[in-house]
Amino acid sequence: MMESLRELARSYRVRIALGYVLIVTILAGAWAWSLYGPLTGTVIEQQRAHLASIARAGALALERPGLTAPTTANDLVRGTRLRATIVATDGTVLADTAEMPARMANHAGRPEVSAALAGRVGFDTRLSATTGTEQMYVAVPARFEGRLVALRVAEPVAVIAELAATARRTGFALLAVTLIAAFAVAARVSRSASQPVVRLKRAAEAMAAGDLRTPVPATTGELAGLADALGSLRDQMRARLGELEQGRDTLRAVLDGLEDAVLLFEGESVRVANAASSRMFRAPAAGWESARLAGAGLPASLTATIAGALARRSDLMTDVGPDPENRFFRVTALPLDPADRSPRMLVVISDVTATRRLDQVRRDFVANASHELKTPTAAIQLLAESATTAAEDGETEIALVFAGQMRDEADRLRHLVVDLLDLSRLESTPAPGTITDVRAALANALAAHRASAGLAGLSIRADDSAVVGLDVYVSAEPADTAVALDNLLANAIAYTEEGEAVVRVTADETTVTIAVSDTGVGIPAEHLGRVFERFYRVDGARSRMSGGTGLGLALVKHVAERSGGSVEIASTVGEGTTVTLHLPRAR
Ligand code: ADP
């Protein structure tokens, strides 16, 4: 209550109104004060004059012959509350309208009477011995029957006071009306004076509440400067806020553009999570921002690692995995502000599954390649020693056999090295963007393999009936196409006992399809998914016998992918195999 009163007293509007009312009240008070005293004086003065003029009229009437003093006195005050007295020069009362003259004392000593008998107009106000009430007396000199007399008119002071009171009441009623009007004007003036301030206050409050769109109300006078300042403050705040929002959006875009999951923890609670967090792990139902580490749904191994880092509040970089989906993660944790009481930790989680797999593939490849190289190298060494011994023993023919076998092993070695070099080239250099004439490439490949096919008792041929009369070019490097066709034909010949190998060429608007089919041993279904892996062999002995390196189909796959195409294999054991190469058509 007290507080709200104090609040009210501080109000700008109430102060203006109070000030105004105070001024008006002081002025009105001063006016009333200045009026109160003189009013009574004026009424008395007027009444005196009034009584004097009645007395004079009475004096004139008294001079008329034939009238008695009592008659004149009675006629003079008939119908009024006045009292008339006629006093002779010696002070004897000749007539009185309120009392029998005989009962009245000598009036010569009455001040007004003595003044009238002295020829002046006399006044007095006193308690009347006759009526017992306070009276105002006015006496004038008059002539009655040739003698000087005093004609006195009296009026009860109460009547005069009543007159003054009526005048005062009217004055106070006017004052009250004036004050009410002043209050109303004060209310209006204070309202209109405080309205701009109130409007500015509301605008400032709206700004404080975050509303920077509503314009600051236009104001005139002294407050115009304040309104301008408020307006420019609002503009500045808007600009700053815009910059901040833009900065925040940029930061968010950068965060969301990252491949890695980025999580900002405050204590155990997630404060920020980027888009990758939801891609990598399922976002908690209520959103990341309201999740705690334990309920965020991260794989258990990750949760444990992060919980440890949060508890220690120290830098951390460690690999974690595999999770139930066989993924591996690298977790990097960084305390943002170690001095803070509720420490914030930045946790970055990278999915390193692919990198780890690649590392594993590389390690396997190096092991396999070393093993493949070691076999012919060891064989050559052994054969060389045997050939040397045979030559020393003079067994030239045996030495020559060993030398022949050495040449075969060296050939195998060369094959392997050539395939490895091709593989390296296909893997590490970008496609040069050249094109290949499929017909010419096919003719070359068939020519190169015709002899070995003939030796194996097989026929090899091309079937380009589907593209007769058409140019058949592919967007692939000629050397790549040659590698692919060479390996596919070599396989078809190597894994076929009898029958034939056919290369069918078809084309549509965008793709040229080269399908190499044989009538060979075929591949069991369980191996089909892996024959494109490097060094993967279905029948290792047969592959080696036929000079296979285990890299043929891997090379074909690389050729297809390097030129933006694809390859697939279909096979039925005992019936044959078809490897189909799709390459982008060039025009
Ligand atoms: P390789 O040099 O041993 O032939 P590839 O990568 O060319 O190696 O082939 C992988 C394996 O796939 C081969 O070892 C072989 O067992 C099988 N294979 C490839 N082509 C054929 C085919 N046309 N018929 C049957 N089996 C095949």
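1. Ligand surroundings. In this predicted model, the ligand is surrounded by 18 residues, and the closest are Asn491, Asp518, Ser543, Gly550 and Leu553. The ligand sits in the largest pocket.

2. An N or O atom in the side chain of Ser543 lies 2.5 Å from an oxygen atom of the ligand. Gly550 contributes a backbone N or O atom, 2.8 Å from a ligand oxygen atom. Leu553 likewise places a backbone N or O atom 2.8 Å from an oxygen atom of the ligand. Of the 520 Å² that the ligand exposes when taken alone, the protein buries 96%.

3. Phe535. This residue is not a glycine, yet has a positive phi of about 65°. Most residues other than glycine have a negative phi. Phe535 belongs to the loop between α13 (525-528) and α14 (540-545). Its relative accessible area is 10%, so Phe535 counts as buried, the cut-off being under 20%.

4. Glu145. Glu145 is found in the loop between β4 (134-144) and β5 (147-156). With a relative accessible area of 60%, Glu145 is exposed.

5. Helix α3. Where do the buried residues of α3 fall when seen down its axis? The helix spans residues 69-77, and its buried residues are Ala69, Thr72, Ala73, Leu76 and Val77. They fall within an arc of 110° and therefore line one face of the helix. Just after α3 comes Gly79, with a positive phi of about 80°.

Methods:
Residues numbered from 1 in each chain as written. Predicted model: local features only at pLDDT ≥ 70, side-chain atom pairs only at ≥ 80, totals over all residues. Heavy atoms only, no water. Buried < 20%, exposed > 50% of the residue type's maximum accessible area, 1.4 Å probe, protein only. Helix = DSSP H or I, 4+ residues; strand = E, 2+ residues; numbered from the N terminus. Arc of directions from axis to C-beta. Near = heavy atom within 4 Å. Polar contact = N/O pair within 3.5 Å; in protein donor to acceptor, adjacent residues only side chain to side chain. Areas by Shrake-Rupley, 256 points an atom, 1.4 Å probe, with all protein chains shown as cover. 1 Å grid on protein atoms, 1.4 Å probe; cavity = no way out; pocket = protein on both sides within 12 Å on 5 of 7 lines; lining within 4 Å. Sits in = over half its atoms within 2 Å of the grid points.
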